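Please have the structure open while I talk.

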4 protein chains.
Amino acid sequence: MQRSTPAARTGRPRSAAADAAILEATREALVELGWSKLTLGDVATRAGVAKTTLYRRWAGKNELVVDAVAELFDELELPDRGSLAADIEGVVLQFAAILDRPEARSGLMAVVAESTRDEALRERIRTSIVDRQKRLVVQGRARAACRGELPTETDPEAAARGAALIFDMVAGAVVHRTLVSAEPVDEDWARRFAAVLLGGLAATGI
Amino acid sequence: MQRSTPAARTGRPRSAAADAAILEATREALVELGWSKLTLGDVATRAGVAKTTLYRRWAGKNELVVDAVAELFDELELPDRGSLAADIEGVVLQFAAILDRPEARSGLMAVVAESTRDEALRERIRTSIVDRQKRLVVQGRARAACRGELPTETDPEAAARGAALIFDMVAGAVVHRTLVSAEPVDEDWARRFAAVLLGGLAATGI
Amino acid sequence: MQRSTPAARTGRPRSAAADAAILEATREALVELGWSKLTLGDVATRAGVAKTTLYRRWAGKNELVVDAVAELFDELELPDRGSLAADIEGVVLQFAAILDRPEARSGLMAVVAESTRDEALRERIRTSIVDRQKRLVVQGRARAACRGELPTETDPEAAARGAALIFDMVAGAVVHRTLVSAEPVDEDWARRFAAVLLGGLAATGI
Amino acid sequence: MQRSTPAARTGRPRSAAADAAILEATREALVELGWSKLTLGDVATRAGVAKTTLYRRWAGKNELVVDAVAELFDELELPDRGSLAADIEGVVLQFAAILDRPEARSGLMAVVAESTRDEALRERIRTSIVDRQKRLVVQGRARAACRGELPTETDPEAAARGAALIFDMVAGAVVHRTLVSAEPVDEDWARRFAAVLLGGLAATGI
DNA sequence: ATCTAACCGAGACGGTACGTCCAGTCTTGGA
DNA sequence: TCCAAGACTGGACGTACCGTCTCGGTTAGAT
């Protein structure tokens with residue numbers, strides 16, 4: 001994930017186990033300490049690894065946390081629940097479930113905050129985390145179009161704009177409710193949210 | 001804001017100018033350095049104040065930044081634009097304008113991230129920042145009800161639930177588009193967003 | 001010793017006790033660990049002092065060790081033993097006694113070695129340590145001249161050259177025997193050395 | 001020098017060129033960096049050799065530097081200048097010439113300092129360096145006895161004691177003048193030193 | 001017109017973490 | 001078996017801030 005090294009033949013190869021141990025230790029430390037009290041020295045110790053090893057692979061705390069949190073999003077997928085409304089509820093609940101995990105809560109907003117001043121970090125977040133989620137929106141729209149619930153958008157740019165809007169609305173609302181309002185995203189909320197969103201989509205024809 | 005002032009009659013009173021200078025210096029430092037590289041010693045120096053003075057008034061970096069950023073939200077208000085749709089667009093654009101300022105971008109998400117592990121901080125954020133925004137939503141709904149654009153909700157609890165949902169959707173979408181997607185919230189986007197939201201509200205009767 | 005600070009009125013004054021504790025801890029660490037394994041972090045811990053405090057007062061390990069060792073030379077003095085020969089033996093034995101202490105053995109040669117690449121350090125050593133010893137030679141020669149054992153040198157430059165030669169011979173021989181040959185400087189050796197030196201001085205009229 | 005070579009028949013033999021390259025690189029690094037900033041990794045790189053190779057042959061920095069410096073003393077010899085006084089001046093100037101080379105200045109005192117806490121290192125220094133010099137003293141005394149300038153010492157122990165004293169005086173004085181007093185050992189100084197020493201020897205009959 | 005308590009600046013204090021560097025070891029593939 | 005390359009653990013480095021603590025000195029309200 002953080003390696004490019006297309007050609008590095010000689011010398012002792014990097015331990016693959018170390019990567020996994022470090023990322024796991026990072027999540028563990030996020031749970032126990034939160035982002036601001038997490039130290040790379042502590043992560044290294046937890047992973048049974050020298051600090052040097054950690055710095056050899058990641059440029060700093062931000063990059064490390066992005067990768068550690070990104071793995072949490074690997075499990076995201078969109079089961080077919082039979083209707084667009086149900087699919088929206090499903091993705092909302094899945095996203096909420098991830099944000100419920102303390103390692104995600106602590107880490108995600110912090111790196112987003114950092115990314116406001118670091119273009120490379122923003123790109124890394126987009127690649128590792130955001131696009132993983134966005135894919136679900138695109139996939140859900142395609143499925144709904146198959147079912148005939150939504151008109152097939154012919155203009156690809158308009159389709160992209162629409163998907164981006166929906167994505168910001170879904171992800172933004174879930175994050176805001178979870179982290180700012182600090183209220184649970186339960187099935188009831190998901191149902192109400194999906195109803196409003198779906199109504200809006202139908203009304204505007206997006 | 002941060003003062004208790006229960007009874008402190010005698011002795012030299014605290015300098016009122018220092019407060020303003022410190023908050024201004026904090027915003028300046030946020031712009032130049034961002035949250036993670038902002039140090040209280042530096043803020044004190046910029047404000048022409050001793051570190052002691054700063055610590056006497058704020059518990060730490062988080063509290064200071066919350067207060068410094070909160071002042072940015074003082075200017076928020078909801079001009080009557082004649083229709084609910086226009087009012088929504090207005091609040092969206094106002095909120096986006098604040099998030100466009102680097103001192104807000106850097107600071108806001110960071111303290112929200114910190115607040116995931118600090119209940120007192122979350123409360124402070126809610127009081128100083130979130131409720132200031134939320135008020136606009138409530139006010140907008142009341143105005144729309146006056147105009148007959150929305151049915152008057154009689155159940156106060158349902159009204160609160162509805163306002164909360166709308167607020168999370170508005171604020172969440174704007175924040176997400178600005179900070180995560182890193183795309184501008186311009187008039188076009190505001191109009192499309194308002195259309196979807198309004199359509200949803202109409203469809204669901206919230 | 002390391003402070004110049006003619007005018008530093010404001011702020012919390014430096015702890016005088018810390019200086020003494022640090023130098024004492026340095027000597028203790030020299031005895032236990034030797035120069036090369038002595039670390040400033042360890043010295044700070046032993047002295048019950050933060051590393052910062054140590055670095056605020058000394059530029060590095062070399063300077064610290066010079067000051068710590070220099071204090072050992074405070075006790076040097078030249079008791080009048082009645083004859084030049086006895087005085088030479090006395091100063092040889094005193095110098096040897098200091099070199100017998102492990103904190104001096106470890107530290108002294110190391111800083112001399114470092115000083116080959118650091119003019120400022122060499123100057124510090126000269127001021128703090130070497131001149132303290134050299135004084136004894138000058139004093140001994142004056143006393144011998146009083147007794148009539150040596151002719152009074154009228155040319156001041158020749159006197160300085162002579163003193164320098166004698167000093168290098170005395171100090172060099174003691175150091176070399178102690179540290180390089182690793183043989184004890186006992187009374188017998190001192191007597192034989194003094195006899196050779198004195199014979200040479202008499203023969204050459206220095 | 002550092003090899004045991006008891007029986008190593010099979011496998012690839014060690015490169016003989018590597019040894020020379022490493023020692024040369026060590027001296028080069030001593031000149032450029034001095035002892036304390038010399039690192040084995042850097043030496044290996046300069047020598048075009050892997051660190052492993054270096055560690056296979058030397059136990060550490062001290063041993064390596066001793067060997068590297070020792071080679072400088074290979075050139076020492078005692079040309080017959082016709083008189084004891086001239087011979088003493090000769091050996092003094094030769095020794096001074098070596099100490100004038102920065103690789104010797106930096107390295108020699110440092111390893112002597114280290115040897116105060118390492119008996120094996122002291123032995124290595126004695127064997128590789130000190131005895132090489134001491135031989136000259138013994139040789140000079142023998143030559144002087146042949147010429148009739150000095151009485152032939154019959155007691156071998158007294159002869160050894162005398163040689164040791166002279167050696168400490170000669171080497172000590174030169175080292176002290178060079179490294180501690182930081183003054184040049186020129187012909188004038190050598191002449192004055194030899195005169196005093198010789199006068200002392202004559203007076204005491206050593 | 002003092003008194004005096006709380007303020008103020010400056011800066012040293014004990015700590016903690018930083019990110020780098022080096023020591024000395026180990027693991028590759030190739031000679 | 002040796003070699004070059006380079007990753008590995010471990011630990012010290014010197015720096016930067018943290019939040020606290022003295023200092024000497026100021027300032028305004030109460031006496």
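**The interface of chain D and chain C**

Chain D and chain C bury about 3800 Å² between them, and carbon and sulfur atoms give 64% of that area; buried area here is the accessible area, taken with a 1.4 Å probe, that two parts lose on being put together, summed over both. On the side of chain D, the residues that lose the most area to chain C are D:R117, D:D168 and D:V196, which together make up 16% of what that side buries.

Before I go further, this is a predicted model, in which local features need pLDDT of at least 70 and side-chain atom pairs count only at pLDDT 80 or more, whereas totals for chains, interfaces and linings use all residues. Residues are numbered from 1 along each chain as its sequence is written, chains are lettered from A and ligands numbered from 1 in the order in which they are written, and side-chain values use heavy atoms, with hydrogens and water left out.

The contact, meaning heavy atoms within 4.5 Å, draws 48 residues from chain D and 48 residues from chain C. How are the two copies related? The same surface serves both copies, since 100% of the contact residues of chain D recur in chain C.

Turning to specific pairs, two salt bridges are found across this interface, the rule being a side-chain nitrogen of Lys or Arg within 4 Å of a carboxyl oxygen of Asp or Glu. The side chains of D:R177 and C:D168 meet in a salt bridge, at 4.0 Å from N to O.

Which helices supply the side of chain D that touches chain C? At least two residues each come from α1 (16-33), α6 (102-115), α7 (119-147), α8 (156-180) and α9 (187-204) of chain D, helices being DSSP runs of H or I of at least four residues, numbered from the N terminus. The largest share of that side, 13 residues, comes from α8(D).

Finally, chain A: no contact joins chain A and chain C, whose closest C-alpha atoms lie 18 Å apart, and none joins chain A and chain D, where the closest C-alpha atoms lie 11 Å apart.
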